[in-house]
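Here's a quick briefing to read with the model open beside you.

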Amino acid sequence: MDMEKLVALCRRRGFIFQSSEIYGGINGFWDYGPLGVELKKNIKDAWWNDMVRNPPPGPDGQEISMVGVDCSIIMNPKVWEASGHVGGFADLMVDCRACKAHLRADQITALMYVKNVAGVDEPPAYFTAIGDADEVRKQKAKKIKKLESAGFLYRDAVTLQIPMENEHYARIECPSCEQIGTLTRPRRFNLMLESHAGAVLDDASKVYLRPETAQGIFANYRNVLDSTRLKLPFGIAQVGKAFRNEINPRNYIFRSREFEQMEIEFFCHPSESMKWYEFWRDVRKAWYTKLGIKSDNLRPREQGKEELAHYSIGTTDIEYMFPFAAEPQELEGVAHRGCYDLQQHERHSGKDLHYFDEEAWETALKSGQVQNTKEAKQDERYRFLPHVIEPSAGADRFLLATLCEAYAEEEVKGETRTVMRFHPRLAPIKAAVFPLVNKEGMPEIAQRLYRELKSNWNVQYDDKGAVGRRYRRQDEAGTPYCITIDGQTLQDQTVTIRDRDTLQQERIAMSQVAEEIRKRL
RNA sequence: GCGGGUGUAGCUCAAUGGUAGAGCACCUGCCUUCCAAGCAGGCUACGAGGGUUCGAUUCCCUUCACCCGCUCCA
């Protein structure tokens with residue numbers, strides 16, 4: 001599939017426009033047009049319905065408790081200190097002044113070689129490469145051999161995120177162009193977008209646009225618990241905008257600076273966390289398949305140990321094989337975050353975020369296993385920080401996958417037909433109503449049917465041009481059903497319903513149209 | 001962020017140092033009884049800013065956006 005053709009169709013049909021296009025656009029920001037907003041809304045509604053209001057049964061067939069929140073985009077900046085996004089947010093980066101390479105400091109390993117003459121070290125030599133010490137040895141084998149034969153000995157291996165003295169740092173070579181002393185010192189790039197709340201533009205008024213919706217959930221975890229009578233395990237969900245100051249937005253809407261997330265934080269007892277992690281991983285993958293993503297384009301990928309965030313016990317990326325990339329790209333990450341987030345917020349806020357399992361406590365008390373003392377209540381069997389499973393999905397990324405998956409061109413009677421094969425549940429327009437010709441009372445009947453249907457669904461009426469052209473127009477919009485009022489309708493009150501994918505028409509009673517659409521959606 | 005490329009109508013493309021033309025699409029009307037038919041008419045463009053020039057869409061500079069490669073993607 002050709003991305004350029006998809007982008008052109010999305011623009012032509014009003015799915016996606018570049019933001020601020022009349023001013024030349026702005027890198028990393030996109031607008032959804034009339035069809036795009038319907039598609040996106042359907043995606044978010046499907047997620048909310050299938051995950052929050054009516055989630056699938058849990059691993060043991062039990063009902064799952066899920067509730068939602070909708071938090072502010074701007075929060076107290078301390079939230080981002082606790083979450084680690086301020087300061088620790090971005091990786092340390094180094095730039096090469098000579099070859100302009102832009103590299104992650106922690107991925108560059110430097111091997112130090114020193115020649116010791118009469119108890120005094122000569123200036124050291126460094127060899128670097130992207131990767132671990134073995135990688136450096138492999139890449140620089142020849143040079144190292146040469147140096148060793150000159151009497152230098154291996155002394156140490158460090159990554160560039162370790163602070164270093166100036167005279168040493170000046171002898172580091174760029175792993176890309178191999179020039180010595182051309183690397184800048186490691187620097188942090190702030191990937192959070194900033195603003196100011198309040199009239200005065202100073203550091204005290206500095207606020208951040210949230211880089212993820214998750215922290216709003218953690219910050220409200222206590223509130224939700226106290227206001228709902230929820231018992232562990234349970235999930236809190238949120239759909240909303242998030243912002244990241246991506247250095248290099250690319251690939252259409254895949255990596256934008258403003259995007260929408262659909263996130264769940266599922267809180268459970270530590271001993272059950274692996275079970276829930278596996279549950280959500282499987283549920284989330286199945287959800288994409290159900291909504292029309294072919295499973296061979298969908299790759300769940302367990303992250304390797306070296307990729308994992310330091311607090312995570314396990315993470316699965318659900319990846320999709322986009323046409324613009326050779327490797328599958330992440331649609332959603334299902335992360336086992338342990339108790340990291342609640343622990344961080346407990347430390348930074350000073351508020352108690354532990355969960356007290358009253359049921360377990362009562363049971364233990366009744367059976368005489370414990371004494372009713374303050375100390376006993378502190379036992380981690382009854383009082384603990386819940387573990388968290390986080391399925392975090394990108395709404396825009398799934399929308400893009402949906403577009404890529406739906407796009408099809410095919411030959412119909414020597415003509416090329418372009419059709420968006422959306423899952424009917426996601427299709428922006430559910431049905432279109434046509435009078436076959438604009439006479440003999442057909443438009444009036446068609447209008448009446450149109451008005452009836454649009455009280456339930458997004459439906460279009462079209463009487464312009466030949467009927468074949470109207471069908472093709474709806475194909476590009478991905479409308480699953482087209483209903484045509486023809487001469488026979490005047491005789492027997494039947495209409496044809498045409499299927500987008502098979503092009504087959506079926507004749508049904510006009511009074512049954514709404515019921516038929518409901519059945520098929 | 002670096003290197004390369006591109007930027008003329010909604011789309012695909014053309015021409016030109018003297019302010020632009022076609023096909024498709026779109027709109028109006030006629031015609032049309034099932035998959036982009038036909039006829040007539042119509043709308044719409046030199047990405048932005050600056051410079052050179054009597055005059056710039058064309059030459060130069062800057063900038064913005066997009067594409068490809070590298071890098072990055074907490």
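Helix α15 (residues 467-477) lies across β24, β25, β26, β27 (494-499) and β28. Relative to β24, helix α15 runs at about 170°. Keep in mind that this is a predicted model.

**The sheet under discussion**

- The five strands here make an open sheet, and their order is β25-β24-β26-β27-β28. Pairing in this sheet is mixed.
- At the edges sit β25 (459-461) and β28 (505-509), each of which pairs on one side only.
- On average, neighbouring strands of this sheet are turned by 25° against each other, ignoring direction.
- For a parallel pair, look at β24 (residues 431-435) and β26 (residues 481-485), which are joined by five bridges. Pro435 has Ile485 in β26 as its bridge partner.

- How many residues of strand β17 (residues 314-320) are buried? Seven of the seven are, so the strand is largely enclosed by the rest of the structure.
- Side chains in a regular strand alternate between the two faces of the sheet. In β17, Gly314, Thr316, Ile318 and Tyr320 point one way, while Thr315, Asp317 and Glu319 point the other way. Whichever way they point, all of these residues are buried.
- Strand β16 (residues 298-302) runs antiparallel to β17, and five bridges join the two. Leu298 is the residue that stands opposite Tyr320 in β17.
- Strand β18 (residues 329-338) is also joined to β17, through seven bridges, and this pair runs antiparallel too. Here Ile318 has Glu332 in β18 as its bridge partner.

**Cysteines**

- The disulfide count comes to zero, the cut-off being a pair of cysteine sulfur atoms within 2.5 Å.
- Cys10 is in no disulfide, and the nearest cysteine sulfur, from Cys404, is 8.5 Å away. Is Cys10 buried or exposed? Cys10 counts as buried because its relative accessibility is 0%.
- Cys268 is in no disulfide either, with the nearest cysteine sulfur, that of Cys339, 11 Å away. Its relative accessibility is 0%, so Cys268 counts as buried.

How values were computed. Residues are numbered from 1 along each chain as its sequence is written. Chains are lettered from A and ligands numbered from 1 in the order in which they are written. This is a predicted model: local features need pLDDT of at least 70, side-chain atom pairs count only at pLDDT 80 or more; totals for chains, interfaces and linings use all residues. Side-chain values use heavy atoms; hydrogens and water are left out. Buried means under 20% relative accessible area, exposed over 50%, partly exposed in between (1.4 Å probe, protein chains only). Helices (H or I, at least four residues) and strands (E, at least two) are DSSP runs, numbered from the N terminus. Two strands pair if DSSP finds at least two bridges between them. Axes are lines fitted to C-alpha atoms, for helices over the stretch in contact, and angles run from 0 to 180 degrees between N-to-C directions. Contact means heavy atoms within 4.5 Å.
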